Amino acid sequence: MAAPSITMNINHKGGLKLNKIEKKFLRKQSRARHVLLQHEGIQAVSHPTQSLVVANGGLGNGVSRKQLLLALENSGPMEALLMPPNKPYAFVIYKTIEESKKAYANLNGKEIIDDLGQKIILYLNYVEKAQWKKLGLQALPPGLLVVEEIISSEDEKMLLESVNWTGDTGNQNFQKSLKHRRVKHFGYEFNYENNSVDKDKPLPGGLPDICNSILEKWLKEGYIKHKPDQLTINQYEPGHGIPAHIDTHSAFEDEIISLSLGSEIVMDFKHPEGVTVQVMLPRRSLLVMTGESRYLWTHGITPRKFDTVQASEQFKGGIITSDIGDLTLSKRGIRTSFTFRKVRRVPCNCSYSSVCDRQRKATLPSLPESSKEACQLEQEHVHRVYDLIARHFSSTRHSPWPRIVEFLKALPSGSVVADVGCGNGKYLGINKELYMIGCDHSQNLLDICREREFQALVCDALSIPFRSGSFDACISIAVIHHFSTAERRVAALQELVRLLRPGGQALIYVWAMEQEYKNHRSKYLRGSKTCLQDKEEINNVIAAEGLLVNQMSGENSEDLESSVSSTDNIKEEGCKPRKVPNSELPVHTNRTSFHSQDVLVPWHLKRNPGKDKAVEPFGLAGCPDPCPVFHRYYHVFCNGELEASCQALGDVNILQSYYDEGNWCVVLQKV
Ligand SMILES: O=C(O)CCC(=O)C(=O)O
Ligand SMILES: [Fe+2]
Ligand SMILES: [Zn+2]
């Protein structure tokens, strides 16, 4: 069914009398234009061009490259067909305008049948340029390998036939039908309650003989380093999947391998920071996960009937690129995977403590006793953490603080201002009359500043690469409390003062030990309206990215530095520095009062429960708790401590000192 009178111009305002169907068609086409503009920023034009955007004709709508080509090529030769992954539209570029006009006339409102047999109506609009933002170069997660054609078709057949899905159902332990796939275990039973194995209870019979001989061969050929002793066979029908998970560190050794049989599939690998890499596992290929890809990245298979794959024939295993001129759909068949693992006998000592179930319970760092130890602590528990949580952290930091804005707005126009520890740059654009430059230790946070087109560079706040006396003002917001010795905190303040010209001012904020001051609890604690709105907004953003802030603990809220309640009413003068040297740093519980000045503050990344819904206990094989927890080191300041540190500096006057929503603040002036 084609829409009638398609040759008419959609912008035609003349005296054409339209019938009902024509009107409906025009409404739909205009709606398609509107949606493309609103949701995707794709601007359609009313004059004919070589390029068309084809609404509804996308991979995300279940339309394959072949089907769309079939419909499009009738109008003439094409230069390119661009099909972005998961999008409900595609772009076609014809060789000449004549051909694109023909397609516009012939195909607008035309019905095609998608790969699932459903009817889809195409709506075409001209665009100036077929544009699609490049996702940048992607690479396989470090430590990941896909070895293609690792076994012959005969061996594949033999292995598939060796799996007896009907037999030994008497023993329910070895074989299970999970909601989204069926599984069978050998060597050791995998327990989906605790995502581990009972190491003292090997299953009788060990691994099947046929597997043993194949494993020996792979060992000899160097594909694997260790002989596995546990096998899980997973069988996925089209539409089945496995939620994103990390195989429990304490249960299995480093090397985990998975043999794909019967049908290809796309596996998603996700870094805790949010980067996703899609990896094609062709049938008869071996996936080898070691190091970072095994310990830090999650892997999972999205339950669906089609995968977006590379269209070119020569492509098989490995990463699915963002080359949208070469993507199509692949219908899933029944895939059976043999996942081999080696049960761990010694505690995991991987270098990914934030996601390691053993190390999470292991010893926490202590207060540093030397500057070398201080550097190590800050590297591990400040710099590394901010880099890992940068995107998520940034999404919770968008409301500028009023008194900081006030300071920046009061500066004379044309002032040169440094924001030392600028984070995502939320203060860099506050006052357009200033020349502001940011710096931060985290490259990932700076990338966000650069995306926002701010001037910012990576540096250490103890040695900032700017000339002395070159700034009219500086701000240091929530930075000094991340230095782990008193000497380093003073040195960081001194470095700020060095940047200032005589008469220049610095505004400094640090987190306060006293979270209740003069019987006043922070407005965020009292649940101000804006704060709640902010939070909702944040969680929407995060949910959309597949991450959700842990609401239960109430942490990670906007400006955490002000959100801690107190049951002990700490008296104004009653805060004595509390340090227990040579002992572990305590982990602070968010939304409680501080009991120590030197603390580790947890940051949770929680996966979006809306996606990859857990249908099996603990969300299937993998980490019992799939939310990585990161600990940031803080030295929270007592009343008077920040002023005392400033008095240790030469050439400064303290112009102001105040308490602002859980923070101690000073304004310094260089003499
Ligand atoms: O099906 C696969 O290849 C992977 C299975 C898996 O990740 C697991 O069982 O832990
Ligand atoms: Fe796994
Ligand atoms: Zn580990």
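Phe190, Tyr192 and Phe252 form one aromatic cluster. The model is predicted, so local features need pLDDT of at least 70 and side-chain atom pairs pLDDT 80 or more, while totals for chains, interfaces and linings use all residues. Residues are numbered from 1 along each chain as its sequence is written, chains are lettered from A and ligands numbered from 1 in the order written, and side-chain values use heavy atoms, without hydrogens and water.

Trainee: How many aromatic pairs are there?
Mentor: Rings of Phe, Tyr and Trp (its six-membered ring) pair if their centres lie within 6.5 Å; planes under 30 degrees apart are stacked, over 60 edge-to-face, the rest tilted. By this rule the count is 18 aromatic pairs.

Trainee: Which geometry does the pair of Phe190 and Tyr192 have?
Mentor: The ring centres of Phe190 and Tyr192 are 5.0 Å apart.

Trainee: Is Tyr192 buried or exposed?
Mentor: Buried means under 20% relative accessible area, exposed over 50%, and partly exposed in between (1.4 Å probe, protein chains only). Tyr192 has 6% relative accessibility, so Tyr192 is buried.

Trainee: Which residue lies over the face of Phe252?
Mentor: A charge sits over a ring if NZ of Lys or CZ of Arg is within 6 Å of the ring centre and within 35 degrees of the ring normal. At 4.4 Å from the ring centre of Phe252, the residue is Arg341.

Trainee: What arrangement do the donors of the zinc ion (ligand 3) have?
Mentor: Donors are N, O and S atoms within 2.8 Å of the metal (3.2 Å for Na, K and Ca); water is not among the atoms, so sites may look incomplete. The protein donors here are His249 (ND1), Cys348 (SG), Cys350 (SG) and Cys356 (SG), 2.0 to 2.4 Å from the zinc ion (ligand 3). Four donors count as tetrahedral if all angles lie between 85 and 135 degrees. The angles are 98 to 129 degrees, so the arrangement is tetrahedral.

Trainee: Is His249 buried or exposed?
Mentor: His249 is one of the zinc donors. Its relative accessible area is 0%, so His249 is buried.

Trainee: How far from an oxygen atom of ligand 1 is a polar side-chain atom of Arg335?
Mentor: Arg335 is among the closest of the 13 residues that surround ligand 1, where a residue counts if one of its heavy atoms lies within 4 Å. The distance from the Arg335 atom to the oxygen atom is 2.8 Å.

Technical notes:
Four donors count as tetrahedral if all angles lie between 85 and 135 degrees; four count as square planar and six as octahedral if opposite donors are over 155 degrees apart and all others between 65 and 115; anything else is irregular. A polar contact is a pair of N or O atoms within 3.5 Å; within protein, one must be able to donate a hydrogen and the other to accept it, and residues adjacent in sequence count only if both atoms are side-chain atoms.
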